[in-house]
Amino acid sequence: MNAPKISAMREQRFDTATLSALARQHANVPLRRAGPLVELVIVGAAESLDGQPDMPTVVLWGSHTGVISAGIRLVSCIEIAREPVFPFDFLASQPIVAAIALQKSFPCVENALYQPWSSDVAIHWQRARALASAWLRAGRCVRVVCGQVEPDESGGDEHIGRWQTLQR
């Protein structure tokens, strides 16, 4: 197989209200307790797949701060607001919520995988592209959408997603 075709890197920036509205517009499932981490994945995949042919796709995504942000949100609910904690609020569940929403919202998505990040962004992208290329060579899919999603954890209102597509 030839080297995969790699799209240009696309960056998305959203305030909280816009991100939430776009995620709900693109999702075919309710996103009741999904946070910005899940919303960024849905919106990034939607933009990456918009206008593309329906073919077997894998979404490979990661976040350096997103899981930390989800954990802080959970602890805040328990300690400050005294809100009840639901099973899907647990730290490890946000990537699962994203995977379910992706597969139900985009029929071409056959698999979705969360990849933990180190602090070195260049290494993450290199690892993501290498894994995507291996899947494409093995024939596991025809397209891999790779992403980095970073919800604003500073209390600000700018959530960032970066996306790139590799294709046979």
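Trainee: In this predicted model, what makes strand 3 and strand 4 a pair?

Mentor: Pairing requires at least two bridges found by DSSP, and 5 bridges join strand 3 (residues 57-62) to strand 4 (residues 109-114), the two running parallel. Within this pairing, V58 stands opposite N111 of strand 4.

Trainee: How do you know that strand 3 also pairs with strand 5?

Mentor: The threshold is again at least two bridges, and 6 bridges join strand 3 to strand 5 (residues 143-150), which likewise run parallel.

Trainee: Why is strand 3 called largely enclosed by the rest of the structure?

Mentor: A residue counts as buried when its relative accessible area is under 20%, and 6 of the 6 residues of strand 3 are buried, so the strand is largely enclosed by the rest of the structure. Both of its faces are covered, with T57, V59 and W61 buried on one side and V58, L60 and G62 buried on the other.

Trainee: Turning to the helices, why are helix 1 and helix 2 called oblique to each other?

Mentor: The axes of helix 1 (residues 16-26) and helix 2 (residues 36-49) come within 9 Å and cross at roughly 60 degrees. Since roughly perpendicular begins at 65 degrees and roughly parallel lies under 35, the two helices are therefore oblique. Helix 1 passes helix 2 in a left-handed crossing.

Trainee: Which residues make the contact between them?

Mentor: Helix 1 contributes L19, S20, L22, A23, R24 and H26, while helix 2 contributes P36, E39, L40, I42, V43 and A46; by class, the contact has 8 nonpolar, 2 polar and 2 charged residues.

Conventions. Residues are numbered from 1 along each chain as its sequence is written. This is a predicted model: local features need pLDDT of at least 70, side-chain atom pairs count only at pLDDT 80 or more; totals for chains, interfaces and linings use all residues. Side-chain values use heavy atoms; hydrogens and water are left out. Axes are lines fitted to C-alpha atoms, for helices over the stretch in contact, and angles run from 0 to 180 degrees between N-to-C directions. Helices (H or I, at least four residues) and strands (E, at least two) are DSSP runs, numbered from the N terminus. Angles under 35 degrees count as roughly parallel, over 145 as roughly antiparallel, 65 to 115 as roughly perpendicular and the rest as oblique. A crossing is left-handed if the near helix is turned anticlockwise from the far one by less than a right angle, and right-handed if clockwise. Contact means heavy atoms within 4.5 Å. Ala, Val, Leu, Ile, Met, Phe, Trp, Tyr, Cys and Pro count as nonpolar, Asp, Glu, Lys and Arg as charged, and the others, Gly among them, as polar. Buried means under 20% relative accessible area, exposed over 50%, partly exposed in between (1.4 Å probe, protein chains only).
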